[in-house]
Amino acid sequence: MVNKKYLLAGLAISFISISGLWFFSKPASTPTFIDPSDQTLVMQGKKIYANNCASCHGANLEGQPNWRVRLSNGRLPAPPHDVTGHTWHHSDSLLIDIIKNGLVPGRTAPAGYQSDMPAYNSILSDEEIWAVLAYIKSSWPPKALQAQKEMTLKPH
């Protein structure tokens, strides 16, 4: 006869495993908006941004000079992430994809596009990426933030 303690432990492990598989395999029903009103997240993001993003995108989110003018290699300088740039024109899911995977031609950039934007998927965790975006978004004025929120939460 099977010991009840082992049977219960086996059932618990099975339940947890199945629940985890179900949770992580189901598609998200609605997009999630990264809310910059969480000051703890914003402060974490500010530190992560300073260590990983500021060298290209500027300590004050200002981007590189002449960011709309192609360099001699055909690439564009790093854009600003404050309201003067176009970051707020993109959904959170797209911004997360760009940070995690870099600019991928045909998916997050036009076909054939080349960029100096590195992929951070092996450097930053999902939570760290969310924190960076919360920090960036905390600088935007209410109208830009609302427009970006509406784009993010719009059903696809």
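Cys 53 is buried, at 15% relative accessibility. In this predicted model, Cys 53 takes part in no disulfide. The nearest cysteine sulfur belongs to Cys 56, and it lies 8.8 Å away. A disulfide is a covalent bond between the sulfur atoms of two cysteines. Seen from Cys 56, the closest cysteine sulfur is that of Cys 53, and 8.8 Å is too far for a bond. The search of the whole structure finds zero disulfides.

How accessible is Cys 56? Cys 56 counts as partly exposed, with a relative accessibility of 39%.

## Overall fold and confidence

The protein chain holds six helices and zero strands. Read from the N terminus, the order of elements is α-α-α-α-α-α. Of the 156 residues in the chain, 31% are buried. Take the contacts between residues at least 6 apart in sequence: 56% of them join residues at least 24 apart.

Mean pLDDT for the chain is 86. A value of 70 or more is reached by 80% of the residues. Where pLDDT is low, the predicted coordinates should not be read in detail.

## Helix 2

Helix 2 covers residues 39-52, 14 residues in total. From first C-alpha to last, helix 2 reaches 20 Å. That is close to the 20 Å expected at 1.5 Å a residue. At its start, a side-chain oxygen of Asp 38 comes to within 3.1 Å of the backbone nitrogen of Thr 40.

Which residues of helix 2 are buried? They are Leu 41, Val 42, Gly 45, Ile 48 and Tyr 49. These residues lie on the same side of helix 2, because they cover an arc of only 130 degrees around the axis. An α-helix has 3.6 residues a turn, so residues three or four places apart point the same way. Thr 40, Lys 47 and Asn 51 are exposed on the other side of helix 2. The cover over the buried residues includes helix 3 (54-57) and helix 5 (126-137).

## Helix 5

Helix 5 has twelve residues, which should span 16 Å at 1.5 Å a residue. The end C-alpha atoms of helix 5 are 16 Å apart, in agreement.

The buried residues of helix 5 are Ile 129, Ala 131, Val 132, Leu 133, Ala 134, Tyr 135, Ile 136 and Lys 137. What do the buried residues of helix 5 pack against? Their partners are helix 2, helix 4 and helix 6 (142-153).

## Loop between helix 3 and helix 4: backbone

Most residues other than glycine have a negative phi. Leu 61 has a phi near 65 degrees, a positive value in a residue other than glycine. Leu 61 sits in the loop between helix 3 and helix 4 (92-101).

Asn 66 is not a glycine either, yet its phi is positive, at about 50 degrees. Asn 66 is placed in the loop between helix 3 and helix 4. Are these two residues buried or exposed? Leu 61 is buried, at 4% relative accessibility. Asn 66 is exposed, with a relative accessible area of 58%.

Ser 91 lies in the loop between helix 3 and helix 4. Ser 91 is buried, with a relative accessible area of 10%. Its side chain joins that of Ser 93 in a polar contact of 3.1 Å. What does Ser 91 touch, not counting residues up to four places away in sequence? Ser 91 touches Gln 148, Met 151 and Thr 152.

His 89 is also placed in the loop between helix 3 and helix 4. His 89 is partly exposed, and its relative accessible area is 39%. The C-alpha atoms of His 89 and Ala 147 are separated by 7.8 Å. Along the chain, His 89 and Ala 147 are 58 residues apart.

Definitions and conventions: Residues are numbered from 1 along each chain as its sequence is written. Side-chain values use heavy atoms; hydrogens and water are left out. pLDDT is the predictor's confidence in each residue, from 0 to 100. A disulfide is a pair of cysteine sulfur atoms within 2.5 Å. Buried means under 20% relative accessible area, exposed over 50%, partly exposed in between (1.4 Å probe, protein chains only). Helices (H or I, at least four residues) and strands (E, at least two) are DSSP runs, numbered from the N terminus. The expected span of a helix is 1.5 Å times one less than its number of residues. The arc is that of the directions from the helix axis to the C-beta atoms. Contact means heavy atoms within 4.5 Å. A polar contact is a pair of N or O atoms within 3.5 Å; within protein, one must be able to donate a hydrogen and the other to accept it, and residues adjacent in sequence count only if both atoms are side-chain atoms.
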